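This text leads a new reader through the structure shown below, one part at a time.

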Amino acid sequence: MNASAWHMLLEGAWTTVWISGISIAIGVTAGLILALIRIARIPVVDQVLVLYISLARATPLVTLALFIFLSAPTFGINLDRNVAGILALTLNTTAFNAEIWRSAFRNFSREQREAAMANGMTPWVTFRRIMLPQMMITSLPGLINEMSFLIKGSPAIAVIGIVDLTRVTNRISAVTYEPLPPILVACVLYMAAIGCLVWLQRIAERRANRLAV
Amino acid sequence: MSNWEILWSARDQFWSGFFSTMEIFGLSISAAFLIGCGMLYLLEGSRPRLTVPLRVFIDGMRMLPFLILAYLLYYGLPAFDIRLDAWWSGVGALAVYHGCYFAEIFRGARLTFPPGQVEAAKAHGFTKGKMFFRLILPQIVMQTRPLLGNQLIYALKDTAFLVIITVQELTAAANSLAGTYFIPTEAFIVVIGFYWAVSVVMEIIIKQCGRFSAKRGFDHV
Amino acid sequence: MFEKNTSEQTAVSIRHLSKSFDGVEVLRDVDLEVREGDVVTILGSSGSGKSTLLRCINWLEQPDRGSIHIGGQRIGVNDAGRPMPVRELAKVRARTGMVFQSFNLWPHLNVLHNITEAPIHVLGKSKAEAEAHARELLEKVGMSPKADAYPNTLSGGQKQRVAIARALAMQPEVMLFDEPTSALDPELVGEVLAVIKDLSAEGYTMIVVTHEMAFSRAVSDKVVFLDKGLIIEQADPETFFTNPSTERVRKFLEREES
């Protein structure tokens, strides 16, 4: 592999990182909002969300990305491929994150909520000051795990022509006629990224356990 | 003709895509299951020198995206003069990749397997192999079935990646229909419905197995 | 506040309170008056409804019938007879302070912040003011050295003393204690009871659900005995412990002594 191959590879890695990063940031936040809406149990809205979550968990990312990218123009929407990719990843990860947040909410200690109410806190203050900070700590391991899954699924966006870390290996081998080296380097980069997340997940688990004692 | 009528007239393409996906899925998860069981057996410790490399291999696989493994088999192996076509590369990658996940799931359950049962079996003169296949493995498989069910759904979703290495499966069928008739929305809605239906059916089957398992007392609660 | 109040002002007034869970009546037409500065202990065997009675006072449980007034203000139901909006309810709740059997400290906050959390975010006190007050209270319950510790590192007795300080920080008109020593190891009970005794000497109005007979006898102005949701005896501690008027209480006391 020559210098330009390395350069392309790093560019592909950067594409994977920024697209995944944006999807994660939106997905974690949107997941929390959806979880809260589900907890409020609004009729119809609740059923729609259940259906969305069930569909999102069963739909392959490749299929979802193609669906969004190809059908947007038929509705007169001109989607940039990066936006379509982010949308696909976000729609997928949000469903999983919503379930993680919701279980953190449901498992929250009733006694602690009572203590907050007994201290004159309104439900909103209780949520913001007592529940949310702890839900963040207890959900973090699950959320980080889901981030690993998102990165492992991110090559799906190659199908709509985004040159990510996986797709770029094709581009390089088209020039060098040696597909193996760039693929192996990409493997190492993926392992480094996901290895980092696994390590962070362990730290987060330790923090969560400390809270639970 | 409405878009849905066009799709109906092209139903054969959907069916062939669907059967292709199910064929790939069925074959590769069966192989993955066997690979997972085999890895668990090797991790039992009869060959201590294998244990560490095997664990490294399993953990390594779990840190890779599925598609890059498929690339490795499809584009990378020819460097060693091994040429697999897209279909076999896909099936092989799925089998190895999800085999490692199965192995990891089994390993987690094996850690909490009651040692008393193993001792009792030894005391009754079971050989290592017999003990593993008749005692340990069935219980671990039944006990881990919710996780296995989850993994099956992941494996089903991963089959769609194979469209990228040109395997003709369900998503490829939708893609080509969308291109031919310019009806992407309808084509993909149908295909997503297929994936969803298969997932739901798998979930129901896993739940039914749960009832059977509870009856047989496989779950130590 | 720190002088024993001799006026006849009513701090808590409970009228015709009834409550059932799944068709089982836990409280039956309970009437109770607590005057300012009084210490009332509620006794009774487990399942007698005494914790439910206490939890109704700050509306953690909602009674089916009857009314509760705290310092003249009705809790849970507004002037129009409708359920109180949450903000209003929170305001009335803040007039009471509650100490739970299982402490219920917030594990993500250290001791000092457990105490300042509600004063800052409910009463709107400044951080400096809340912390200064919190440190005074920690001094009072003997927990000053642990101000920066996290709840999980404390013993049960220490947790409960922090929980008492947390409730006091809201400057409540009434303190409610729900079996404050039941979850403690026997050797830790004394330190918590000592703190509660100090508070009674300072003239706090308190309602205490407890199993500690000697403690009840020492601190109470009035002892209330609950049996199957009914108040069957209400007396000053001398009369209650030496000359109870009902057979049920006499039996209860005998069993407790043995």
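A crossing of two helices is called left-handed if the near helix is turned anticlockwise from the far one by less than a right angle, and right-handed if it is turned clockwise. In this predicted model, α3(A) passes α4(A) in a right-handed crossing. Two packed helices are described by the angle between their axes and the distance between the axes. For α3(A) and α4(A), which spans residues 81-106 of chain A, the axes come within 9 Å and cross at roughly 135 degrees. Angles over 145 degrees would count as roughly antiparallel, and 65 to 115 as roughly perpendicular; α3(A) and α4(A) are therefore oblique to each other.

Which residues of α3(A) and α4(A) make the contact? From α3(A) come L61(A), L64(A), A65(A), I68(A) and F69(A). From α4(A) come R81(A), A84(A), G85(A), L87(A), A88(A), L89(A), L91(A) and N92(A). By class, the residues of this contact between α3(A) and α4(A) are ten nonpolar, two polar and one charged.

The next topic is how the chains meet. Two pairs of chains touch, and the most contacts are between chains A and B. Chain A brings 29 residues to that contact, and chain B brings 29 residues as well. On the side of chain A that touches chain B, the elements giving two or more residues are α2 (45-58), α3 (61-71), α7 (168-176) and α8 (180-212) of chain A. The largest share of this side comes from α8(A), with eight residues. Sorted by class, the side of chain A that touches chain B holds 19 nonpolar, nine polar and one charged residues.

Chain A also touches chain C, where 20 residues of chain A are in contact with 21 residues of chain C. Here the elements of chain A that give two or more residues are α5 (110-118), α6 (123-153) and α8. Seven residues come from α6(A), which gives the most to the side of chain A that touches chain C. That side has eleven nonpolar, five polar and four charged residues. Chains B and C, by contrast, have no contact joining them, and their closest C-alpha atoms lie 27 Å apart.

Chain B can be taken as a whole. How many helices and strands does the secondary structure of chain B come to? There are ten helices and zero strands in chain B. Along the principal axes, the C-alpha atoms of chain B fill a box of roughly 75 × 50 × 25 Å. Chain B has 221 residues, and 35% of them are buried. Taking the contacts in chain B between residues at least 6 apart in sequence, 77% join residues at least 24 apart.

Chain C brings strands into the picture. Strand β1 (residues 10-21) of chain C pairs with strand β2 (residues 24-35) of chain C in the antiparallel sense, over eight bridges. Within this pairing, K19(C) stands opposite L27(C) in β2(C). The hairpin of β1(C) and β2(C) has two residues between the strands, and D22(C) takes a positive phi near 50 degrees in this hairpin. β1(C) also runs antiparallel to strand β4 (residues 65-70) of chain C, to which five bridges join it. In β4(C), R65(C) is the bridge partner of S18(C).

Technical notes: Residues are numbered from 1 along each chain as its sequence is written. Chains are lettered from A and ligands numbered from 1 in the order in which they are written. This is a predicted model: local features need pLDDT of at least 70, side-chain atom pairs count only at pLDDT 80 or more; totals for chains, interfaces and linings use all residues. Two residues are in contact if their C-beta atoms, placed from the backbone, lie within 7 Å. Helices (H or I, at least four residues) and strands (E, at least two) are DSSP runs, numbered from the N terminus. Ala, Val, Leu, Ile, Met, Phe, Trp, Tyr, Cys and Pro count as nonpolar, Asp, Glu, Lys and Arg as charged, and the others, Gly among them, as polar. Two strands pair if DSSP finds at least two bridges between them. A residue is buried if 20 or more other C-beta atoms lie within 10 Å of its own, exposed if 12 or fewer, and partly exposed in between; C-beta atoms are placed from the backbone. Axes are lines fitted to C-alpha atoms, for helices over the stretch in contact, and angles run from 0 to 180 degrees between N-to-C directions. Angles under 35 degrees count as roughly parallel, over 145 as roughly antiparallel, 65 to 115 as roughly perpendicular and the rest as oblique.
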